[in-house]
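Have a look at the structure first, then read on.

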Amino acid sequence: MNKNTRKTTPGDGLRSLRSTTLFRVINFELYTKPNKAVMIFGIVAMLGCSGYIFYMNSDQKRNNYHAVVKSDDTIVLEKKVSKWTD
């Protein structure tokens with residue numbers, strides 16, 4: 001049996017079609033079967049990163065100080081002043 005002729009089964013998708021090795025290397029995720037452990041790890045990692053970004057954003061909004069660069073290249077934290085209350 002020739003290696004290019006394979007028995008196809010329902011649900012194979014693109015794995016059953018003939019393609020070049022370069023196409024398979026570039027589009028690796030189309031030819032691999034789903035791995036639930038890797039998917040769960042990826043979801044947890046993405047949620048963790050998103051949660052950390054949201055936490056840092058909310059923490060920055062609660063902070064009443066901001067960094068100011070002076071003319072002598074020093075960085076100083078100054079209290080935020082609203083233009084509306086002056």
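## Helix H3

The expected span of a helix is 1.5 Å times one less than its number of residues. Keep in mind that this is a predicted model. Helix H3 takes in residues 36-62, 27 residues in total. From its first C-alpha to its last, H3 reaches 39 Å, close to the 39 Å expected.

How many residues of H3 are buried? The count is 0 among its 27 residues, so H3 is hardly covered, given that buried means under 20% relative accessible area. At the start of the helix, Asn35 steps in: one of its side-chain oxygens comes to within 3.3 Å of the backbone nitrogen of Ala37.

## The annotated stretch

An unreviewed UniProt entry carries the annotation "transmembrane region" for residues 37-55. In the model, that stretch is 100% helix and 0% strand. Its end C-alpha atoms sit 27 Å apart.

## A nonpolar patch

Tyr52, Tyr55 and Met56 make a nonpolar surface patch of about 340 Å². Met56 belongs to helix H3. With a relative accessibility of 38%, Met56 counts as partly exposed, because that class runs between 20% and 50%.

## The salt bridge

How many salt bridges does the model have? The count is 1. Lys70 and Glu78 form a salt bridge, and their closest N and O atoms are 2.9 Å apart.

Are the two partners buried or partly exposed? Glu78 is partly exposed at 31% relative accessible area, and Lys70 counts as partly exposed at 34%.

Conventions. Residues are numbered from 1 along each chain as its sequence is written. This is a predicted model: local features need pLDDT of at least 70, side-chain atom pairs count only at pLDDT 80 or more; totals for chains, interfaces and linings use all residues. Side-chain values use heavy atoms; hydrogens and water are left out. Helices (H or I, at least four residues) and strands (E, at least two) are DSSP runs, numbered from the N terminus. Buried means under 20% relative accessible area, exposed over 50%, partly exposed in between (1.4 Å probe, protein chains only). A polar contact is a pair of N or O atoms within 3.5 Å; within protein, one must be able to donate a hydrogen and the other to accept it, and residues adjacent in sequence count only if both atoms are side-chain atoms. Patches are made of residues with over 30% relative accessible area and no salt bridge: like charges are joined within 9 Å, nonpolar side chains (Val, Leu, Ile, Met, Phe, Trp, Tyr) within 5 Å. Accessible areas come from the Shrake-Rupley method with a 1.4 Å probe; for residues, only the protein chains shown count as cover. A salt bridge is a side-chain nitrogen of Lys or Arg within 4 Å of a carboxyl oxygen of Asp or Glu. UniProt positions are given in the numbering used here, feature names are shortened, and annotations may be inferred rather than shown by experiment.
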